[in-house]
Amino acid sequence: MAAALRIGVIGGSIAGCAVAVAGSRAGADVTVYERSDAELQDRGFGIVIPPPLHAELVGSGYLDAAMPTAPVGTRIWLTREPGGRSARELARQSSPVTPCNWGHLWRSLRASAGAVRYLRGQPVVSVGRGGSGGAVITSARGDEPYDVVVGADGHASATRRLLAPGSRPEPAPYLVWRGAIPLGAPAGRPRELELLREAWVTLGFPGGHGVFYLIPGGPQDGDGSGGESNRLLAYAVYGRPPEGAEPGPYVHELAKEHFPAAWADIVARGGRRAAACHPVADVQTPRVARPPLLLAGDAAGVTRPHTATGAVKALQDALCLERVLREEPGRSAALERYADERTAAGAHLVELGRRMGRALVEETPDWPTMGQVEVDTWFRGVLAGTRHYLYAETREAAEPGRLERPPPGAAVPR
């Protein structure tokens, strides 16, 4: 019997744990190197997953069916009423999503990794060529040989630099503020909370937009059950601070100036936990695998968060890796097939994220003049004939079926 393939994974976050599960399920001997010596469950905010992908991950054993989620089926577009502080609804679209908490997702993947060696507090010093076409990972433990090394080391991936030295994230001309606040904080806003129990909300304003949705509380919040009493209100607000403004706190000024009063109040009540401000950037590696190296998650490519595919892409990378390892006769053939599929998928998402960024932040429409038909027509133009799980069901499509066709060679997000 042939010896099991030895896979070394650099990075133990969502992407690292997912590919570890994939390798283990395909019969490989997997070791994960995580530089942090702490549990990672407290990191991150909300994550949205397409319901079919969530069902596939549960059915195949990547995720525990008991992992808390907060599914909704509708997207509601709002803006501020001209000359006032109340909200006006622009459109409703069927847009089923399965929001979850980063911490719960990480814990579920980590538990599913089973016999995988997960080494905490083990930063990788270097990766070099090894015998028989393999690679050697050097850490404080010494040198360890592997048949395949997976770079799952995030947006600033050192492994990416080995495969594509010139590939670095390019910044967008705007920022994103992300928050997750206890559901009790905006308790005085029952109408808004009731809306969020049935839908996720996009709030358009001149020069940007905000996204609001409910997620289960994390393992560190309350009883960790993810039930109604333990939910968080997650949001992401995109915009561009004026010259000289302090980026972090500016989101409160932005909301006060442009949001309906109730939604500005929700942002204002976020406090310390809602103060995370991040640059927006993207990059796609020209080819995401070249034996013996392979990239997954943000290491392979960073998409703008409008596509809601950061974790989704990492999970899809893992499913693809398991499939090619099972189906291809050798390591090189498996990695080449992975590269063909996932490079195309990543490039499609990067381009789509740029179009969404231009439409939703850089060149925003005149929101108050829009209604259902205008919103649907406008975003069909942004999609430009491609399909994405957040926007697959706009009404009165000019060309029936057009949204079902991805560009040639591009993998459609699940």
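1. The accessible surface of the protein, as computed from this predicted model, comes to about 16,500 Å², and carbon and sulfur atoms account for 51% of that area. Of the 414 residues in the protein, 55% are buried.

2. As to secondary structure, the protein contains ten helices and 18 strands. When contacts between residues at least 6 apart in sequence are considered, 71% of them join residues that are at least 24 apart.

3. The largest nonpolar core has 97 residues, and those with the most contacts inside it are Trp 77, Leu 105, Leu 109, Tyr 338, Leu 360, Trp 378 and Phe 379. Helix α8, which spans residues 310–327, gives the most to this core, with ten residues. Apart from this core lies another, of 27 residues, which includes Leu 193, Val 201, Val 251 and Ile 266. In soluble globular proteins, nonpolar side chains tend to be buried together.

4. Helix α9 (residues 331–362) and helix α10 (residues 372–383) pack with their axes 9 Å apart and at an angle of about 145°, and α9 passes α10 in a right-handed crossing. On the α9 side the contact is made by Leu 352, Arg 355, Met 356, Ala 359 and Leu 360, and on the α10 side by Trp 378, Phe 379, Val 382 and Leu 383. Phe 379 is in contact with Met 356 and Leu 360, and also with Trp 77 and Tyr 391, once its neighbours within four places in sequence are left aside. Leu 360, Trp 378 and Phe 379 are also among the residues with the most contacts inside the largest nonpolar core.

5. His 209 has its place in strand β13, which covers residues 208–216. With a relative accessible area of 2%, below the 20% cut-off, His 209 counts as buried. A polar atom of the His 209 side chain lies 3.2 Å from the backbone oxygen of Leu 360. Not counting residues up to four places away in sequence, His 209 touches Thr 202, Leu 203, Gly 204, Ala 236, Val 237, Tyr 238, His 306, Leu 360 and Val 361.

6. Ala 314 lies in helix α8 and is likewise buried, its relative accessible area being 3%. Residues up to four places away in sequence being set aside, Ala 314 touches Ala 15, Ala 18 and Gly 297. Although Ala 314 and Gly 297 are 17 residues apart along the chain, their C-alpha atoms are separated by 4.0 Å.

7. Some backbone features deserve a look. The peptide bond from Pro 291 to Pro 292 is cis, with omega near 10°, and Pro 292 is found in the loop between β16 (289–290) and β17 (293–295).

8. Ser 132, in the loop between β7 (126–129) and β8 (135–139), has a phi near 55°, a positive value in a residue other than glycine. Ala 308, which is found in the loop between β18 (301–302) and α8, also has a positive phi, of about 50°, although Ala 308 is not a glycine.

Terms used: Residues numbered from 1 in each chain as written. Predicted model: local features only at pLDDT ≥ 70, side-chain atom pairs only at ≥ 80, totals over all residues. Heavy atoms only, no water. Core = buried A, V, L, I, M, F, W, Y, C linked by side-chain atoms within 4.5 Å. Buried < 20%, exposed > 50% of the residue type's maximum accessible area, 1.4 Å probe, protein only. Helix = DSSP H or I, 4+ residues; strand = E, 2+ residues; numbered from the N terminus. Contact = heavy atoms within 4.5 Å. Areas by Shrake-Rupley, 256 points an atom, 1.4 Å probe, with all protein chains shown as cover. Polar contact = N/O pair within 3.5 Å; in protein donor to acceptor, adjacent residues only side chain to side chain. Axes fitted to C-alpha atoms, helices over the stretch in contact; angles between N-to-C directions. Left-handed = near helix turned anticlockwise from the far one by under 90°.
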